[in-house]
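Subject: Structure handover

Hello,

Here is the structure I promised you. Please open it and keep it beside this email.

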Amino acid sequence: MDFLFHTWHWAITGFLIGIIMLTLNYFGKVFGMSSNLRSLCTLAGGGKFAEFFRFDVKSQYWNLMVILGAMIGGFVAVHFMSDPSNVDINPQTIAQLQAMHIDAPNGKLLPDAMFSMTAFESPKMILILLIGGLLIGFGSRYAGGCTSGHAIAGMSNLQRQSLKAVIGFFVGGLIMAHFIFPLIF
């Protein structure tokens, strides 16, 4: 059981992701988390307002189970299987965060200043979350999929547009982390 509580080697997790992708390809399924937003909007009645939401949502029920599994798996991993000794953050990163008045996560993956219920007490953080959510929603729709859809599913199928999207994700992430993030905080 100790094996489950420690960080897994990238080759093991990569192999498991590859097996899942081969299985999905075999059954003719396409993986992607942002496509679930379309399914959820369709279930909520979005088809009454936009043609985009008029499709056979029943064919996507399996993908909605992926969201449920990700939420349950994330909850179990954080509350029952997390080992804070596995989190090792570069001291330079900790110093940069402290310069922005963000405490080090102290054994967690995410700092409390940005990812806890206290973050919702600040109007600035709520505004950042809303704008970030809108940009991510627009970006995933504009790119024809999200990071998981392009980086995992699209790249495993050798799709050129997924390679372009993943390069864009990385460039955008670097610009955000090095230039925009310090301006916001």
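This is a predicted model: local features need pLDDT of at least 70, side-chain atom pairs count only at pLDDT 80 or more; totals for chains, interfaces and linings use all residues.

Residues are numbered from 1 along each chain as its sequence is written, and side-chain values use heavy atoms, leaving out hydrogens and water.

Confidence: pLDDT is the predictor's confidence in each residue, from 0 to 100. The protein chain averages 86, and 96% of the residues score at least 70. Helices are DSSP runs (H or I, at least four residues), numbered from the N terminus. Helix H1 (residues 2–5) has the lowest confidence, a mean of 74. Helix H8 (residues 160–184) has the highest, at 91.

Core: a nonpolar core is a set of buried Ala, Val, Leu, Ile, Met, Phe, Trp, Tyr and Cys residues joined through side-chain atoms within 4.5 Å. Buried means under 20% relative accessible area (1.4 Å probe, protein chains only). The largest core has 7 residues: Leu-97, Met-100, Ile-102, Met-114, Ala-119, Met-125 and Phe-181.

Helix H3 (residues 35–43): its buried residues are Asn-36, Ser-39 and Thr-42. Seen down the axis, they fall within an arc of 120° (taken from the directions from the helix axis to the C-beta atoms), so they line one face of H3. Just after H3, Gly-45 takes a positive phi of about 100°.

Pocket: H6 (123–142) gives the most to the lining of the largest pocket, with 13 residues.

Best wishes

Conventions: Helices (H or I, at least four residues) and strands (E, at least two) are DSSP runs, numbered from the N terminus. Buried means under 20% relative accessible area, exposed over 50%, partly exposed in between (1.4 Å probe, protein chains only).
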